[in-house]
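Morning, everyone. I have one model to walk you through. Please look at it first, and then we will go place by place.

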Amino acid sequence: MIPHPALQLSDRIAELLAEPADAPKAWTSRPQWRQSLAHGAPGIALLHIERAATGRGPWETARAWLSVSAAAPVTSGSDSYLYYGAPAFTHALACAAQARPGSYRRALAHLDRAVIADVVQRCDDAHARIDRGHLPELAEFDAIRGLAGVGAVLLRRAPDGGTIRRVLGYLVRLTEDINGQNGEALPGWWTPSGPSGRPDERFPNGHANTGVAHGIAGPLALLALALRHGVEIDGQREAVRTILAWLERWRDGHAWPYWITAAQLSDPHRRPLPPQRPSWCYGTAGIARALQLAALALDDPRLRHDAENALATTLVDAKVLAATTGLSACHGYGGLAHIAHRAAADATPRNAARLHAATDLLLDTIHPPHADPDEQACRLLATEGPAFLEGAAGTALALLAPASGTLPATLWDTCLLTA
């Protein structure tokens with residue numbers, strides 16, 4: 001396959017982010033810079049690790065960025081999660097160790113112990129909360145701050161250990177109904193806060209979030225990925241089916257609402273969804289990939305076709321794509337291209353062809369014909385910054401596999417729960 005010109009944009013972004021010493025103080029002075037996978041050095045390291053693993057860049061650059069995170073003690077315990085602290089650094093080092101077997105063993109062993117200790121405590125706290133009959137906070141279970149995200153690290157690092165089974169056991173309980181303030185039955189992932197995780201007057205009685213980043217699609221993806229890796233506990237398949245039934249209940253054509261409010265639960269007259277951003281964090285792309293993973297785990301051909309068809313149809317819908325702005329991995333065109341490419345690799349032949357066509361369309365949108373990659377890269381860094389989740393590093397990383405026609409060499413996207 002001839003590489004897509006968008007690969008030049010990816011390369012140029014990486015070149016501009018090659019030297020940690022050249023990073024502006026506006027970036028490095030932020031408190032989260034050293035330890036944040038989403039916003040700091042570990043996310044930029046991911047880009048250079050993947051490039052080194054695929055022969056597109058030197059290992060020295062990857063090591064230099066990892067050294068930024070390793071320059072001082074790494075946060076563990078209740079203040080750490082997949083995108084910050086010990087789990088974030090574990091993910092970055094695990095990607096490097098996959099490409100260079102035997103490297104970073106001592107550091108990873110130390111980090112593994114810290115992550116496991118934290119997860120055990122978090123699972124115990126979550127079970128105690130369920131026993132009290134209280135509703136969960138998003139940060140208890142979601143992919144960004146919660147146990148679904150840290151569970152992805154454990155599934156990679158210790159799939160045969162008992163701690164990942166603790167996480168799965170908790171997620172199974174999360175799918176059991178829980179009573180609300182008025183005694184009404186609510187899904188176990190109903191949270192009393194707004195989508196930000198804080199009290200919100202727009203959500204006086206809380207909400208049920210559907211997205212991958214902060215909602216129930218994240219736990220669905222982890223439950224499905226564990227099944228695909230041969231890690232299964234009692235009730236896991238039933239939990240997957242429970243989540244699938246909820247998502248099917250609220251599906252509107254090829255889209256899902258970002259969240260369900262208490263008012264919507266009691267309203268028999270549902271309004272059609274307007275065109276909305278089909279991103280990884282919220283929307284069709286992330287949810288459809290989670291559904292596809294569930295279908296593959298359950299060997300369900302109908303669900304697999306529905307998920308792939310929803311994704312392929314959405315990604316060529318001009319009205320839906322018009323709601324997308326930016327190129328980020330989180331909610332921009334870069335993330336859409338990566339998910340489409342990932343899903344195509346697991347799709348039936350007919351849907352794979354549609355998803356490959358959608359990927360090409362997205363790459364053309366990201367890097368139009370005759371566009372100057374240097375000008376694009378400089379503008380992207382100036383406007384979006386260097387971050388992995390919402391900035392230039394993530395865009396460059398998300399473009400690598402689809403633009404080169406390969407699959408990720410280091411499984412960097414396990415932090416997105418897409419693989």
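Let's start with Pro-73. Pro-73 is exposed, at 72% relative accessible area. Exposed means over 50%, buried means under 20%, and partly exposed is in between, using a 1.4 Å probe and protein chains only. Before going on, a word on the source: this is a predicted model, where local features need pLDDT of at least 70, side-chain atom pairs count only at pLDDT 80 or more, and totals for chains, interfaces and linings use all residues. Residues are numbered from 1 along each chain as its sequence is written, and side-chain values use heavy atoms, with hydrogens and water left out.

Back to Pro-73. It sits in the loop between α4 (59-70) and α5 (86-99). Helices here are DSSP runs of H or I with at least four residues, strands are runs of E with at least two, and both are numbered from the N terminus. What does Pro-73 touch, leaving aside neighbours within four places in sequence? Arg-34 and Gln-35. Contact means heavy atoms within 4.5 Å.

Now compare Leu-174. Leu-174 lies in helix α9, residues 162-174. Is Leu-174 buried or exposed? Buried, with a relative accessible area of 1%. Its contacts, not counting residues up to four places away in sequence, include Arg-129, Phe-141, Trp-189 and Pro-219. The C-alpha atoms of Leu-174 and His-356 are separated by 36 Å. Along the chain, those two are 182 residues apart.

Next, helix pairs. Two packed helices are described by the angle between their axes and the distance between the axes. Axes are lines fitted to C-alpha atoms, for helices over the stretch in contact, and angles run from 0 to 180 degrees between N-to-C directions.

Take α10 (residues 217-228) and α11 (residues 236-250). They pack at about 140°, with axes 10 Å apart. So α10 and α11 are oblique to each other. The cut-offs: under 35 degrees is roughly parallel, over 145 roughly antiparallel, 65 to 115 roughly perpendicular, and the rest oblique. The crossing of α10 and α11 is left-handed. That means the near helix is turned anticlockwise from the far one by less than a right angle; clockwise would be right-handed. Among the residues making the contact are Leu-223 of α10 and Ile-243 of α11.

The second pair is α14 (residues 301-314) and α16 (residues 333-346). Their axes come within 11 Å and cross at roughly 150°. That makes α14 roughly antiparallel to α16. This crossing of α14 and α16 is left-handed. Arg-304, Glu-308 and Leu-311 in α14 meet Ile-339, Ala-340, Ala-343 and Asp-346 in α16.

On to cysteines. Take Cys-281. Its sulfur is 3.6 Å from the closest cysteine sulfur, in Cys-330, too far for a bond. Cys-281 is buried, at 6%. Cys-415 is in no disulfide either, with the nearest cysteine sulfur, that of Cys-95, 7.3 Å away.

Last, the backbone. Most residues other than glycine have a negative phi. Asp-299 has a positive one, near 55°. Asp-299 is in the loop between α13 (284-298) and α14, and counts as exposed at 64%. Leu-417 also has a positive phi, near 60°. Leu-417 is in the segment after α19 (392-404), and counts as buried at 2%.

Definitions and conventions. Disulfide = S-S within 2.5 Å.
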